[in-house]
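Welcome! Have a look at the structure first.

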Amino acid sequence: MGFPARRLRRLRRTPALRRLVAEARLTVDDLVAPLFVREDISAPAPVVSLPGVVQHTRESLRKEVRELAGLGIPGVILFGIPARKDAEGSEAWNPDGIVQVALRDLRDEVGDSLVLMADLCLDEYTDHGHCGVLLPDGAVDNDATIELYARTALAQGEAGADVVAPSGMMDGQVAAIRAALDGDGRTDVAILAYAAKYASALYGPFRDAVDVTIAGGGDRKGYQQDWHNGREALAEIAFDVEEGADMVMVKPALAYLDVIAAARARFDVPLAAYHVSGEYAMVKAAAERGWIDGDAVALEQLTAIKRAGADVILTYFARELAERGL
Ligand code: PBG
C-alpha cells in the first residue's frame with residue numbers, strides 16, 4: 001500500500017492518545033446557565049417543553065444559583081416573568097421588578113463568585129410580546145425602544161448585574177446602553193450583545209418558559225435576522241463591537257456554526273453562542289423516546305459549538321454537564 005497507509009488512524013488507537021491530541025474540549029468554565037424567575041408563584045413551576053427547567057421563585061433561584069456556583073459554573077443569565085405586562089414593558093426597568101430584586105438576592109447569596117448576567121429585552125414584559133414598543137402600524141419603533149433599553153440597563157446595573165445582554169436586535173441598542181451606563185457612572189457593567197440573532201423557529205419552548213405569545217400570530221422577522229443570510233451576521237457584529245459591545249453572541253448555535261466560525265476568525269472580542277431552547281428540547285425529546293443517547297448527543301453538540309469558535313456557551317444543559325464532570 002502506498003503512502004499514507006493508516007496514518008490518520010494511529011493517533012485514534014487508544015483513549016489516552018485521543019485525549020492527548022483532542023483539539024477542542026468543553027469545560028465547565030465555558031458554561032452559562034439560563035434561568036427563569038417568575039414574580040407571582042409560590043413554588044417552582046416546571047416548563048413542560050423544557051424538561052428539567054423550571055420557572056423559579058426568588059427563593060428557589062437563590063438555591064439553584066448557590067448550587068451552580070458550587071458546581072463551578074461561572075455564569076448565569078436571568079430572564080424575568082413579571083406579574084403584570086403592559087404595552088411598554090415597564091416592569092423591565094422597575095427598580096423593584098422581578099429581575100432587579102433577583103439580582104440583589106443573588107449578589108447577596110453568591111457575592112462575586114459567579115457572573116450575574118441579565119437578559120435585556122422587553123418581550124417578557126410587553127402585553128403584545130414584541131421586543132419593543134409598537135408604532136400605530138404594529139411595527140416595532142426602533143428609537144423609542146432603545147430609550148427603554150437604556151432605562152432597563154440602568155435598573156439592571158443598579159441592581160448589581162455584572163453583564164447586561166441586549167437581545168432585542170434594535171439598531172443602535174449597544175451604543176444607547178453603553179452611553180446610559182457610562183452616564184450613570186456604571187463603567188464596570190459589561191455588555192454581551194446578542195449581535196447575530198436569527199428569527200429562528202427554535203425559540204418555541206423559551207416562549208413557553210416566559211409566557212410570551214406574539215400578538216396576532218406575529219413573528220420577529222422585522223428585527224431578527226433572516227436565516228438565509230450569513231454575511232449579514234458579520235455586519236451586525238461589526239456594528240455592535242464598534243458601538244462598545246464587550247462580548248458578542250451568535251444565536252441559535254448549531255444551525256449557525258458557519259457564522260460562529262466566521263465571527264471567530266474576524267473579531268477578537270470574546271464570542272458567545274446560545275444553544276437555545278428548541279435545540280435542548282429536541283435532544284431531550286428524542287432521548288426520552290430512546291431514539292438517541294441524550295448525554296452523548298449533548299456533549300457532542302456543545303463541543304462542536306466550542307470547536308467552531310465559541311468561548312462562552314449559554315445552555316440549558318449547564319447543570320447536567322457540570323454534574324457529570326467535564
Ligand atoms: C428575547 C429572547 C429570546 C430568547 C432569548 N432572549 C426569545 C425571542 O427572541 O423570541 C430565546 C432563547 C431560547 O430559545 O432558549 N428576550
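Buried means under 20% relative accessible area, and exposed means over 50%. Keep in mind that this is a predicted model.

**Exercise 1. Decide whether Ala180 is buried or exposed, and find its contacts.**

Solution. 
- Start with the location: Ala180 sits in helix α5, which covers residues 173-183.
- Next, take its relative accessibility, 17%. The cut-off for buried is under 20%, so Ala180 counts as buried.
- Finally, set aside neighbours within four places in sequence: Ala180 then touches Ala150 and Leu154.

**Exercise 2. Work out how the buried residues of α5 are arranged around its axis.**

Solution. 
- List them: Gln173, Val174, Ile177, Arg178, Ala180 and Leu181 are the buried residues of α5.
- Look down the axis of α5: these buried residues fall within an arc of 165°, so they line one face of the helix.
- Recall a general rule: an α-helix has 3.6 residues a turn, so residues three or four places apart point the same way.
- Check the other side of α5, where Ala179 and Gly183 are exposed.
- Now name the partners: the buried residues of α5 pack against β5 (115-120), α4 (142-158), β6 (163-166), β7 (190-197) and α7 (231-243).

Conventions. Residues numbered from 1 in each chain as written. Predicted model: local features only at pLDDT ≥ 70, side-chain atom pairs only at ≥ 80, totals over all residues. Heavy atoms only, no water. Helix = DSSP H or I, 4+ residues; strand = E, 2+ residues; numbered from the N terminus. Buried < 20%, exposed > 50% of the residue type's maximum accessible area, 1.4 Å probe, protein only. Contact = heavy atoms within 4.5 Å. Arc of directions from axis to C-beta.
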